[in-house]
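Dear colleague,

I am handing over the structure we spoke about, and below it you will find my notes on what turned up in it. Please read them with the model open beside you.

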Amino acid sequence: MSQQQILESAQAGDANAIALLLNQALKARQVRADLRVENHHLYITLESETVPDRAASMRLIHKGMRRLQPQSISEVTVMGRPDTQESVAWIQTLVLQSPPPATIPAEVPTAQPPKTAPKPTRKRKSKKTAKKTASTPSRPLQPPQTASKRPAPHPKPRCKPLAVVGAIGIAVLPISSFAIGAGWDRVSASLAALPPTLSTAFSQLPELPDFSFSQSAQMNPFAAEEVPTRDTVETLTRLSELTLSSLENPVDPDTRISIKAVGDIIPGTNYPSNKLHPQKQVLFQSVKPALQGADIVFGNFESTLTNYPNSAKSVGRGLVFAFRTPPEYTALLKEAGFDVLSVANNHSFDFFETGFEDTIANIEKAGMKAVGKKDQIVYHEVKGVQTAFVGFSYFDVHNNMNDLEASQALIAAAAENADIVVVSVHAGAEGTAALNIDNKTEYFYGENRGNKVLFARSMIDAGADLVLGHGPHVPRALELYDGKLIAYSLGNFMGYRTLSTRAQLGYSLVLEAQLDPVGNFVEGKIIPVHLNNQGIPYLDHSFRSVGLIRNLTKNNFPETDLEIDGEGKILISEPES
């Protein structure tokens, strides 16, 4: 049988063909795989001298199956055990897609269909490949049936399936007891009671040549790539997946991760003269309620938290400013509700590298996380969902947004280890003349401030799920790109005696984004805020920023699938009839 014939048989769901490919990939790990297919369910038993590594094995099988996409297989159950024992050490199930229609005996009851049909998602006009999408398991895990028992049919999905054409939606169902989706019964099983899988003699497997990744996509989907290339990154990140953290920490596909985000924060400075509030507790007092109730609260901290005496800037010369906030203000930020703060901006090195390192250390000491170091990915887990944050600016001392290739590689690395990837980017021209955004490079006083549209979309192409922009000091438009939300600028949030609040420079907001467990935008809200003439934020009952962002979104991205109502609610547009 030729390699192409093996691949075609595997894509058709033939267990022996899949075994040939999988065992070749596992050979270097000294693991063998026995496979069988029953009722659209593929059972894989992994054996080695010791217990096969679950995380590594599931990653390999997960990627291989989503590359292979066997249309006749809807679920894959993987069991690992040492070859000296009959009992299974661990078990994991991947739900790849809704099962194909099957003839169901009349005497066997079926699960009830969902009461309401799933709401369709409007398709983009572009031909982009679908990204990470969670699908709901069609049924709880069942052990393989013995020959004397009739195989149980697949019931209809009890929650809406989210399988996407061209990609394998995936949800994870381990054997340990937990409820997944509303109304699902707890799952339990006796590992020792599982019958052995169909035996495939490893010694009789033909030798297959090793393939490079470019060949593996065609000849062996399970083969691991040696050196990630841009094509590799695009292939992996565009396909639907829950990442390794989801394999270890399964979550309900109906779970929502709420992220609240704000723009530039400068709670005052004591350099070169004292511009600190005499009662600093009042700074966040009016907006603190708007920051509550989210799983993650993010902001761009555009100052330093240090006592270092010397500045790297010659202040007082034109538009040159250096901001230094006392380290004790860190507690104020924590009390306000912040979890993650970006330090990748044009003021993070106002007091040299010492001030930068002090800022990060003080943020982390207070129990928050700082994002913005070069080549750094910051992880933050909530509700069993692993979220990665990566900070960018237009400087080489941070991750430079103008280096698209390096930026995409960093995001791809984050996407490999997190379910949701959030990008923070400080860039763009500044001021009321910079309200509108276009797909072009922006300059401010001759300085290259990057192309934020190109950058944001490229990051989503590489695996990002939410892009939070700041830097222009005014709010900008929102865009929905391949199901992912982009906020091109969140404006100023606080600038006590430091930032101008003239006209739209005083328009502010708390952006709330509800994401599903793999980062797709579900809905959101603009909570309007306005800065007084001292730069202190207050809730804005005139909804000025809502109207501004609504108009900018319509004008700058007329085809984006977003609707913003008069009260700031952000929804995905209804599909066209």
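Helix 9 (residues 404–417) and helix 10 (residues 452–462) pack with their axes 8 Å apart and at an angle of about 40 degrees, where axes are lines fitted to C-alpha atoms, for helices over the stretch in contact, and angles run from 0 to 180 degrees between N-to-C directions. Helices (H or I, at least four residues) and strands (E, at least two) are DSSP runs, numbered from the N terminus. Helix 9 and helix 10 are therefore oblique to each other, given that angles under 35 degrees count as roughly parallel, over 145 as roughly antiparallel, 65 to 115 as roughly perpendicular and the rest as oblique. The crossing of helix 9 past helix 10 is right-handed; a crossing is called right-handed if the near helix is turned clockwise from the far one by less than a right angle, and left-handed if anticlockwise. On the helix 9 side the contact (heavy atoms within 4.5 Å) is made by Leu404, Ser407, Gln408, Ile411 and Ala412, and on the helix 10 side by Leu454, Phe455, Ser458, Met459 and Ala462. By class, this contact of helix 9 with helix 10 has seven nonpolar, three polar and no charged residues, where Ala, Val, Leu, Ile, Met, Phe, Trp, Tyr, Cys and Pro count as nonpolar, Asp, Glu, Lys and Arg as charged, and the others, Gly among them, as polar.

As to provenance, this is a predicted model, in which local features need pLDDT of at least 70 and side-chain atom pairs count only at pLDDT 80 or more, while totals for chains, interfaces and linings use all residues. Residues are numbered from 1 along each chain as its sequence is written, and side-chain values use heavy atoms, with hydrogens and water left out.

Two backbone details deserve a look. The peptide bond from Tyr271 to Pro272 is cis, with omega near -5 degrees, and Pro272 is found in the loop between strand 6 (257–266) and strand 7 (296–301). Asp375, in the loop between strand 9 (369–371) and strand 10 (378–382), has a positive phi, near 65 degrees, in a residue other than glycine.

With regards
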